[in-house]
Amino acid sequence: MTRYSVGDHVSWNSEAGRVSGKIIKVHLSDFDYKGHRHRASKDEPQYEIRSDRTDHIAAHKEGALTKID
């Protein structure tokens, strides 16, 4: 079972500092994103998150995310 779900509000570290956004998709299998192959599985999912400030979409593993209210 995944730790986070679509709609969860999370934060993560980026080059620009701490960023927050909402999860828009959970990947449970490998997927292509921004020209790169990302590895994901049921045991190690990856999440697509839309930034609150810029609408930028990022992909991150569970360990990089922190749930916020």
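In what order do the elements of the protein chain run from the N terminus on? The order is β-β-β-β-β-β-β. The protein chain has seven strands and zero helices. Both kinds of element are DSSP runs, numbered from the N terminus: helices are H or I with at least four residues, strands are E with at least two. The radius of gyration of the chain is 11 Å, close to the 11 Å that the globule rule gives for 69 residues, so the chain is as compact as a globular protein of that length. That radius is taken over C-alpha atoms, and the rule is 2.2 Å times the number of residues to the power 0.38.

This is a predicted model; local features need pLDDT of at least 70, side-chain atom pairs count only at pLDDT 80 or more, and totals for chains, interfaces and linings use all residues. Residues are numbered from 1 along each chain as its sequence is written, and side-chain values use heavy atoms, with hydrogens and water left out.

Now the overall dimensions. The C-alpha trace spans about 30 × 30 × 15 Å along its principal axes. Of the 69 residues, 36% count as buried. Buried means under 20% relative accessible area, exposed means over 50%, and partly exposed lies in between (1.4 Å probe, protein chains only). Of the contacts with a separation of 6 or more, 42% join residues 24 or more positions apart. A contact here means heavy atoms within 4.5 Å.

Start with strand 1, where His-9 is found. His-9 counts as buried because its relative accessibility is 19%. Its side chain makes a polar contact with the side chain of Asp-52, at 2.6 Å. A polar contact is a pair of N or O atoms within 3.5 Å; within protein, one must be able to donate a hydrogen and the other to accept it, and residues adjacent in sequence count only if both atoms are side-chain atoms. Leaving out residues up to four places away in sequence, His-9 touches Asp-52 and several others, among them Ser-20, Lys-22, Thr-66 and Ile-68.

Ser-14 also has its place in strand 1. At 26% relative accessibility, Ser-14 counts as partly exposed. Ser-14 and Ala-64 are 50 residues apart in sequence, yet their C-alpha atoms are 9.9 Å apart in space.

Next comes the largest pocket. Its space is about 230 Å³. A pocket is an open set of points on a 1 Å grid over the protein atoms alone, where a 1.4 Å probe fits, with protein on both sides within 12 Å along at least five of seven lines; lining residues have an atom within 4 Å of a point. The lining includes Trp-12, Ser-14, Arg-18, Asp-52 and His-56. Strand 1 (9-14) and strand 2 (17-27) are the elements that give two or more residues to this lining. Strand 2 supplies the largest share, four residues. By type, the lining divides into three nonpolar, six polar and three charged residues.

Finally, two loops deserve a look. Most residues other than glycine have a negative phi. Lys-34 has a positive phi, near 50°. Lys-34 is found in the loop between strand 3 (31-33) and strand 4 (36-38), and it counts as exposed at 54% relative accessibility. Asp-55 is not a glycine either, and its phi is positive, about 65°. Asp-55 lies in the loop between strand 5 (46-51) and strand 6 (57-61). With a relative accessible area of 53%, Asp-55 is exposed.

Conventions:
Grid points are joined across faces, edges and corners, and a volume is the space filled by probe spheres set on the points. Ala, Val, Leu, Ile, Met, Phe, Trp, Tyr, Cys and Pro count as nonpolar, Asp, Glu, Lys and Arg as charged, and the others, Gly among them, as polar.
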